[in-house]
Amino acid sequence: MNLPNKLTILRIIAVPFFIAAYMYHWYIAAFVLFVAASLTDMLDGKIARARNLVTNFGKIMDPLADKILVYSALCLFVENGTIPAWSLIIILAREFAIAGMRTVAASEGTVIAAGMSGKIKTVLQMFAVIILIVAAGPLPQLQTIGMLVFWASLIMTVYSGVEYIAKNKSVFSM
């Protein structure tokens, strides 16, 4: 297994530690774990492209690892009332729709990589989570900024989902 794929797996392994830290109100530890895991997302992609180590495993597991990390945080935010449940439902509905399209495409031998708008969505979600973690702990005055970034990420989630479906509508005729 190559280094980028190991970083992807490391990101998944970090999730339960992040969840435990957040649930025990160890916000600094949760922040450090989330930021470190988020940085592996940037790092694994850069390494994979620079060293020509792009694999089908990475194309599938890298975005999945991001989702596991970010959506775990969003579930925690729903639980403590930071974000409304309906916003997470919209995010998950988009993800299930895209995952379904990817599955159909994969059954026909096609791998559909993440698009730029999806990557922007992920970055916005990660920044929103980071700010909201800090706002839950040492800097509560960042709550408004965190929520603004979260709402921007929700808008980008819907946009990227519509764009993804439009660009890959041929999958529906497979």
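**Close-up views of aromatic pairs and a nonpolar patch**

Tyr27 is buried, with a relative accessibility of 14%, in this predicted model.

View 1. Because its relative accessible area is 5%, under the 20% cut-off, Tyr22 is buried. Tyr27, at 14%, counts as buried too.

**View 2. Trp86 and Trp151 form a stacked pair.** The two tryptophan rings sit 5.7 Å apart, centre to centre, with 25° between their planes. Trp86 belongs to helix α4 (residues 85–107) and Trp151 to helix α6 (residues 143–167), so this pair ties together parts that are 65 residues apart in sequence. Trp86 is partly exposed, at 48% relative accessibility, and Trp151 is partly exposed at 30%.

**View 3. Ring pairs join five residues into a cluster: Phe18, Tyr22, Tyr27, Phe34 and Phe77.**

**View 4. Six side chains make a nonpolar surface patch: Met1, Ile9, Leu10, Ile13, Phe17 and Phe57.** The patch covers about 590 Å². Helix α1 (residues 3–23) gives the largest share, with 4 residues. Where does Phe57 lie? Its place is in helix α3 (residues 56–79). Phe57 counts as partly exposed, with 33% relative accessibility.

Technical notes
Residues numbered from 1 in each chain as written. Predicted model: local features only at pLDDT ≥ 70, side-chain atom pairs only at ≥ 80, totals over all residues. Heavy atoms only, no water. Buried < 20%, exposed > 50% of the residue type's maximum accessible area, 1.4 Å probe, protein only. Phe/Tyr/Trp six-rings, centres within 6.5 Å; stacked < 30°, edge-to-face > 60°. Helix = DSSP H or I, 4+ residues; strand = E, 2+ residues; numbered from the N terminus. Patch = residues over 30% accessible without salt bridge, like charges linked within 9 Å, V, L, I, M, F, W, Y side chains within 5 Å. Areas by Shrake-Rupley, 256 points an atom, 1.4 Å probe, with all protein chains shown as cover. Salt bridge = Lys/Arg side-chain N within 4 Å of Asp/Glu carboxyl O.
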